[in-house]
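Please look over the structure below before reading my notes. Keep it open beside you as you go.

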Protein chains: 2
Amino acid sequence: MDQNVEFTHCYYLTAGEAGAQSGMPLTLLVQRVIEIATEHANALGIGYATLACHGIAWVLSKISIEMKRYPRINEDYCLTTWIESYNRRFCDRCFAVTGGDGSVIGYIRTMWTAIDVKRRCVADLTAFEQEAFPVSDRPCPIEKTPRLASVGPLASVQDYTFRYCDIDFNRHVNSVRYLALVLNHWTMEHFDNNTIRRIDIAYHHECYFGETVQLRVATNGHTSDCEITRDGTRAVALRIHWEARS
Amino acid sequence: MDQNVEFTHCYYLTAGEAGAQSGMPLTLLVQRVIEIATEHANALGIGYATLACHGIAWVLSKISIEMKRYPRINEDYCLTTWIESYNRRFCDRCFAVTGGDGSVIGYIRTMWTAIDVKRRCVADLTAFEQEAFPVSDRPCPIEKTPRLASVGPLASVQDYTFRYCDIDFNRHVNSVRYLALVLNHWTMEHFDNNTIRRIDIAYHHECYFGETVQLRVATNGHTSDCEITRDGTRAVALRIHWEARS
């Protein structure tokens, strides 16, 4: 097997990185996912530097995370990533998260889109060599990101304006900051009593510095449907499956 | 020389981590400082796990950062840390940041306080072996954190309420989030035209989930004095020295 088919990066969770419930914050997990996807793409020669020469950048379009549990303070953990499939516009990339004892504690599915940086539209990857996208047949035993329905009229609504620290090098809002905006909707007590078993996120439209968006949240049982809209247009949709902490 | 006197961790700046000006965000730099201070303390046996057994935790009290430039996208960079001095209550820890070409691009000074986690007051480190605190005579050629004066009556004032993602495992506001709150005060245009040459931060009182604080900012020439207060009491003070981008 080509050693680049799978790519692994191991970390450990420092105390300073841990969230209020002493586990790995979901925002950090998404950050790590983006990080090792980038590292793997760089190693394959289809990373930031190569694509930038062609005016192309990878953008995270969808992510679904399903965790049995989250890494704990001072625990070693690893993320392993592989490409499940690709075509000239998209790349499906999966991840397994292993805990300190080596067992898999979660799986993640992502879809990446190649965008034309100047025109802000989908780019064409045909020019890149097929061999640079080594597909693995390792299964990723969680469901694909579903279509996320609109949030109904009974949702709670709150405004948020994006600031400097929300913006990334593409000059749009960092993928992780949308998630933080949504998680900030709930109280500490809610997080003390509930953990996120699964989350699905679909990124539809980019937001920019200074824009004010509406966050809409509707919870039904253990499921929360969330939407970030700007002028009535969906920018990001999320679905959270909560599980009571034991 | 004991190999633990200095501790180095190398990274590279991924595209996804970079800020809007394509450099390393100051918030990430502070996060890395906390991270490798933690790693060094762990390696010395005076880290989170050991201190937690004694009901003690390290808290960052002061930090001063002076950068010639910040790491760029895809640049390798290293942080090296060493203990400059300590007593039974505090530990002064310095850092050098080296860029991809191996030259030093910045220095950082920090002061850490050992606090009694339950009583939330300063703890006593006398019980820990002196040998665990190997002092280095490597110089840190930047000025110590100065006393930061009160922000005058002409300051701009805005409110902010701390949310879930602002909180760390100690159940107080994460050191980095105070900084993000302050940086979010300025426009994108300001950051396009100016870079932070030096920043001093003094952490006085912890803030908690749901608390509303006032951010006060007064700028005079290239210096901005900032204060985060809660009910009129200073929680955090910051001074930023701006430099026009060339």
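Predicted model: local features only at pLDDT ≥ 70, side-chain atom pairs only at ≥ 80, totals over all residues.

The points below cover the symmetry, the interface, a helix pair and some strand pairings.

1. **Symmetry.** Start with the two chains. Two copies of a chain are related by a rotation about an axis and a shift along it.

2. **Interface.** How many residues of chain B are in contact with chain A? There are 29, and they touch 29 residues of chain A. Four helices of chain B give two or more residues each to this side: H1 (26–44), H2 (48–53), H3 (175–183) and H4 (188–193). H1(B) gives the largest share, with 4 residues. By class, the side of chain B that touches chain A has 17 nonpolar, 8 polar and 4 charged residues.

3. **Same surface on both copies.** Of the interface residues of chain B, 100% are also interface residues in chain A, so the copies meet through the same surface.

4. **Helix pair in chain B.** Now look inside one chain. The axes of H1(B) and H3(B) come within 9 Å. They cross at roughly 165 degrees. Angles over 145 degrees count as roughly antiparallel, and H1(B) and H3(B) are therefore roughly antiparallel to each other. The crossing of H1(B) past H3(B) is right-handed.

5. **Residues behind that contact.** H1(B) brings B:Leu26, B:Thr27, B:Val30, B:Gln31 and B:Ile34. H3(B) brings B:Ser175, B:Val176, B:Leu179, B:Ala180 and B:Leu183. By class, this contact has 7 nonpolar, 3 polar and no charged residues.

6. **Helix pair in chain A.** Turn to chain A. The axes of H1(A), residues 26–44, and H3(A), residues 175–183, come within 9 Å and cross at roughly 165 degrees. H1(A) and H3(A) are therefore roughly antiparallel to each other. H1(A) passes H3(A) in a right-handed crossing. Among the residues making the contact are A:Val30 and A:Ile34 of H1(A) and A:Leu179 of H3(A). The contact has 7 nonpolar, 3 polar and no charged residues.

7. **Strands in chain A.** Which strands pair with S2(A), residues 56–67? One is S5(A), residues 104–116, joined to S2(A) by 11 bridges and running antiparallel to it. Another is S8(A), residues 194–203, which pairs with S2(A) in the antiparallel sense over 5 bridges. Follow A:Ser64 to see both pairings. A:Ser64 stands opposite A:Arg109 in S5(A). In S8(A), the bridge partner of A:Ser64 is A:Asp200.

8. **Strands in chain B.** S9(B), residues 212–220, also has two pairings to check. S7(B), residues 156–161, is antiparallel to S9(B), with 6 bridges between them. There, B:Thr161 stands opposite B:Thr212. S10(B), residues 223–230, runs antiparallel to S9(B) too, with 7 bridges. B:Asn220 has B:Thr223 of S10(B) as its bridge partner.

9. **The hairpin turn.** Where does the chain take a positive phi in the hairpin of S9(B) and S10(B)? Look at B:Gly221, where phi is near 65 degrees. This hairpin has 2 residues between its strands.

Note on methods
Residues numbered from 1 in each chain as written. Chains lettered and ligands numbered in written order. Contact = placed C-beta atoms within 7 Å. Nonpolar A, V, L, I, M, F, W, Y, C, P; charged D, E, K, R; others polar. Axes fitted to C-alpha atoms, helices over the stretch in contact; angles between N-to-C directions. Parallel < 35°, antiparallel > 145°, perpendicular 65-115°, else oblique. Left-handed = near helix turned anticlockwise from the far one by under 90°. Pairing = 2+ DSSP bridges.
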